[in-house]
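Morning, everyone. One structure today, and I will keep it brisk. Please bring up the sequence and the model.

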Amino acid sequence: MTHTIRLPTILRVHAGGEATVSARGGTVGEAFADLGKRYPGLVRQLLDPDGSVPVFVNVFLNDEDIRYLQGLNTPISAPSEIILLPSVAGG
C-alpha cells in the first residue's frame, strides 16, 4: 500500500523540492527504505548511520509519534500519512 509522506521545507531539497512524496511499506521502516530507493539523500537526513531515527527528527504516523509506538517497526495497516518534523531549538 502507498503512504503519503509530508516533508518540512528544510528536507524538500532532498526530494526535488516536493512537499509530499509517496512510499510503500508495511512498517514505517519499510516505507523509509522504499523512500530511500528514490531519495537516498533524504533518508540520510532521517536516519542515523546505525539505522535509528535521530532525536532531532520527529516522525508521526497519522498524528501519533512513532517513538511512543514501535518506532520504525510501527506497522502501517492502511494507506496512511507520515509527517516528518525536525525539532526546533532556541530561546
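Start with the sheet. Five strands make an open sheet, ordered β2-β1-β5-β3-β4, with mixed pairing. Two strands count as paired if DSSP finds at least two bridges between them. Helices (H or I, at least four residues) and strands (E, at least two) are DSSP runs, numbered from the N terminus.

Look at the edges. β2 (20-24) and β4 (64-65) each have a single partner strand, so one side of each is left without a neighbour in the sheet.

Then the helix. α2 (residues 28-38) packs on the sheet and touches β1 (2-6), β2, β3 and β5 (81-86). Contact means heavy atoms within 4.5 Å. The direction of α2 makes about 115 degrees with that of β2. For that angle, axes are lines fitted to C-alpha atoms, for helices over the stretch in contact, and angles run from 0 to 180 degrees between N-to-C directions.

A word on provenance. This is a predicted model; local features need pLDDT of at least 70, side-chain atom pairs count only at pLDDT 80 or more, and totals for chains, interfaces and linings use all residues. Residues are numbered from 1 along each chain as its sequence is written, and side-chain values use heavy atoms, with hydrogens and water left out.

Now the pairings. β1 and β2 run antiparallel, joined by five bridges. β1 and β5 run parallel, with three bridges. I5 shows up in both: its bridge partner in β2 is V21, and in β5 the partner of I5 is I82. β3 (residues 57-61) pairs with β4 in the antiparallel sense, over two bridges. There, F60 has D65 of β4 as its bridge partner.

What about the faces of β1? H3 and I5 make up the covered face, while T2, T4 and R6 make up the uncovered one. In a regular strand, side chains alternate between the two faces of the sheet.

Next, charges. How many salt bridges does a search of the whole structure find? Two. The criterion is a side-chain nitrogen of Lys or Arg within 4 Å of a carboxyl oxygen of Asp or Glu.

One is E81 with R6, with the closest N and O atoms 2.3 Å apart. E81 sits in β5 and R6 in β1, so this pair ties together parts 75 residues apart in sequence. E81 is partly exposed at 25% relative accessible area. R6 is partly exposed too, at 38%. The scale: buried is under 20% relative accessible area, exposed is over 50%, partly exposed is in between (1.4 Å probe, protein chains only).

R38 and D34 also form a salt bridge, their closest N and O atoms 3.3 Å apart. Both are in α2, four residues apart, which puts about one helical turn between them.

Neighbours within four places in sequence aside, D34 is in contact with A23 and R24.

Last stop: G71, in the loop between β4 and β5. G71 is partly exposed, at 22% relative accessibility. Beyond four places in sequence, G71 contacts V28 and I66. Its C-alpha is 8.8 Å from that of V59, twelve residues away along the chain.
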